[in-house]
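Please keep the sequence and the structure in view while reading.

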Amino acid sequence: MTADQILASDVSIVIPAYNEQDRVGSTLIRLRQFLALKVRDYELLVVDDGSTDATTKTVEEKIGDWPEARLIKLDVNQGKGAAIRKGVLEAQKKNLCFMDADCSTDLEMLGRLYQHLSDQTPLVIGSRDLKGAEIVVKQFWLREYAAKLFNLWIQFWLLPGVWDTQCGFKLFRTDLAKRLFRPLMEKRFGFDIEILYRAKRLKVPIVEVPVRWSNVLNSRVNPVRDGLSMAWQVVKLRLKSPL
């Protein structure tokens, strides 16, 4: 590993996984190759969120001879937010990135976000909506339209100026991540909004960086059912104003 190859250092990578037996294996293969070449001093935490398929077995097979990686298992399914929270609270490196098990955001984007991370800017989030973002494979038009409406709703109620709260690729100073995730109330898909709103209330700057992203089929998010649930979560967060 040479200095010009390094994109980031001292990083905990957290990946939540729920019934991901068909995707997590290939993600771990790609990730291992990437981390070996591009990241100095890392740990990988895969959090199995109570999967009922062969996710646990698949992860164990892929990380069995990988000393930097370990599997954390939740006994029952609690939600994506809960799974990431578990990984965050067990992370040991100075910096922390969480990403989706489908690897929809290009791994090279870790370096792009890391360039903006500092003690003054301890929270950097990937964005599919800023100028400069590259959408390699688009979502179905209904999902894309619903996402844009949802973003306007979030900006109106909670986070004006933040264009993409839901991109599953975010980078933190780990001490801040622990502070934001420890009191987490929303354990499922709306957790990103709560985390970012809490950061705003703490006057932490939110740096948004355009990323390269590809839609992966079989998303766990239902644009109608989960969209309505998260829209109501936005209103509840505004009324409760959590810290």
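Which residue in strand 7 does cysteine 97 stand opposite? In this predicted model, the residue facing cysteine 97 is leucine 171 of strand 7. The two strands concerned are strand 4 (residues 95-99) and strand 7, which pair in the antiparallel sense over five bridges.

Strand 7 also pairs with strand 5 (residues 123-127); these two strands run antiparallel and are joined by three bridges.

The side chains of strand 7 may be considered next. Phe169, Leu171 and Arg173 point one way from the strand, whereas Lys170 and Phe172 point the other way, and all are buried. Because five of the five residues of strand 7 (residues 169-173) are buried, the strand is largely enclosed by the rest of the structure. Buried here denotes a relative accessible area under 20%.

Attention now turns to a pair of helices. Helix 3 (residues 80-90) packs with helix 6 (residues 174-181) at an angle of about 135°, and their axes lie 9 Å apart. An angle over 145 degrees would count as roughly antiparallel and one of 65 to 115 as roughly perpendicular; helix 3 and helix 6 are therefore oblique to each other. Their crossing is left-handed. Helix 3 contributes Gly81, Ile84, Arg85, Val88, Leu89 and Glu90 to the contact, and helix 6 contributes Ala177, Lys178 and Phe181. By class, this contact between helix 3 and helix 6 comprises five nonpolar, one polar and three charged residues.

Conventions: Residues numbered from 1 in each chain as written. Predicted model: local features only at pLDDT ≥ 70, side-chain atom pairs only at ≥ 80, totals over all residues. Heavy atoms only, no water. Axes fitted to C-alpha atoms, helices over the stretch in contact; angles between N-to-C directions. Helix = DSSP H or I, 4+ residues; strand = E, 2+ residues; numbered from the N terminus. Parallel < 35°, antiparallel > 145°, perpendicular 65-115°, else oblique. Left-handed = near helix turned anticlockwise from the far one by under 90°. Contact = heavy atoms within 4.5 Å. Nonpolar A, V, L, I, M, F, W, Y, C, P; charged D, E, K, R; others polar. Buried < 20%, exposed > 50% of the residue type's maximum accessible area, 1.4 Å probe, protein only. Pairing = 2+ DSSP bridges.
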